[in-house]
Amino acid sequence: MIVALIIACEVGFWVLLALGLALRYLAKMPRLGAAVLLCEPLMELVLLVVTTLDLKNGAEPDWKHGLAALYIGYTVAYGHYTIKWLDGHAAHRLAGGPKPAGAGYGKARAVHEWKLWIRTIIAAAVALTLLQIAIWYVGDAGDVSSLGAWQFGALRAVGIHALIAVAYTVWPKKAPAGAEERPALAGTER
């Protein structure tokens, strides 16, 4: 049931996002579109409650609970960023807004990657906290080794993302011939 709910939350995220952007830019109903977009966090709250109830009802902690914690952490850290990024592109394509800048090149790209790394730290911190609470909640009543493994996975993701940021810092991405080296826009660096 938890896996189905995670999949439903992911599908729901994209459906609400598409509906919210369509209402904002195609139907010219920006307030209703914003209201739909604000419903996004409710899905993660439902996932958190259902996962908690599953553990409370005696379910053995396993990979599904760990995946739910990582999914919630990722959504907390990257959900708003993703919505803002797609909103900028929708405004450009559907409403004639300015074209959003990419991550940039050189130092601007390295800074962008370090800012994304900070988001990964936030995602991992949320997941680690939820997993630790689940470990304490289950206590000696069950095998929590799979939850500990997910904690290690979250830390590993932080480390891998740090290596990516270091790579962009040490070996900066060069602008293609004829392209100017411009800093990333504020909307892409969050």
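Q: How many aromatic pairs does the structure hold?

A: This predicted model holds four aromatic pairs. One of them joins Phe13 and Trp14 in an edge-to-face arrangement, with 5.1 Å centre to centre and 85 degrees between the planes.

Q: How is the pair of Tyr78 and Tyr81 arranged?

A: Tyr78 and Tyr81 are also set edge-to-face, at 6.3 Å centre to centre and with 80 degrees between the planes.

Q: Why can residues three places apart in a helix point the same way?

A: An α-helix has 3.6 residues a turn, so residues three or four places apart point the same way. In this case, Tyr78 and Tyr81 lie three residues apart in helix H4 (residues 63–95), which means that about one helical turn separates them. Both Tyr78 and Tyr81 are buried. Together with Tyr74, Tyr78 and Tyr81 form one aromatic cluster.

Q: Which residues touch the most other members of the largest nonpolar core?

A: The general idea is that in soluble globular proteins, nonpolar side chains tend to be buried together. Here the largest nonpolar core has 21 residues, and those touching the most other members are Ile6, Cys9, Phe13, Leu17, Leu21, Leu47 and Tyr71. Two or more residues each come from helix H1 (2–26), helix H2 (30–38), helix H3 (40–56) and H4. H1 gives the most, with ten residues.

Q: What is Tyr71 in contact with, leaving aside its neighbours within four places in sequence?

A: With those neighbours set aside, Tyr71 is in contact with Ile6, Cys9, Glu10, Phe13, Glu44 and Leu47.

Q: How does the span of helix H5 compare with the expected value?

A: The comparison rests on an expected 1.5 Å a residue. Helix H5 (residues 106–138) has 33 residues and reaches 48 Å from its first C-alpha to its last, close to the expected 48 Å. Just after H5, Gly139 takes a positive phi of about 60 degrees.

Q: Is Glu113 buried or exposed?

A: Glu113, found in helix H5, is buried, with a relative accessible area of 6%. Its side chain makes a polar contact with the side chain of Arg109, at 2.9 Å. Leaving aside neighbours within four places in sequence, Glu113 is in contact with His161, Ile164, Ala165 and Tyr168.

Note on methods: Residues numbered from 1 in each chain as written. Predicted model: local features only at pLDDT ≥ 70, side-chain atom pairs only at ≥ 80, totals over all residues. Heavy atoms only, no water. Helix = DSSP H or I, 4+ residues; strand = E, 2+ residues; numbered from the N terminus. Expected span 1.5 Å × (residues − 1). Phe/Tyr/Trp six-rings, centres within 6.5 Å; stacked < 30°, edge-to-face > 60°. Buried < 20%, exposed > 50% of the residue type's maximum accessible area, 1.4 Å probe, protein only. Core = buried A, V, L, I, M, F, W, Y, C linked by side-chain atoms within 4.5 Å. Contact = heavy atoms within 4.5 Å. Polar contact = N/O pair within 3.5 Å; in protein donor to acceptor, adjacent residues only side chain to side chain.
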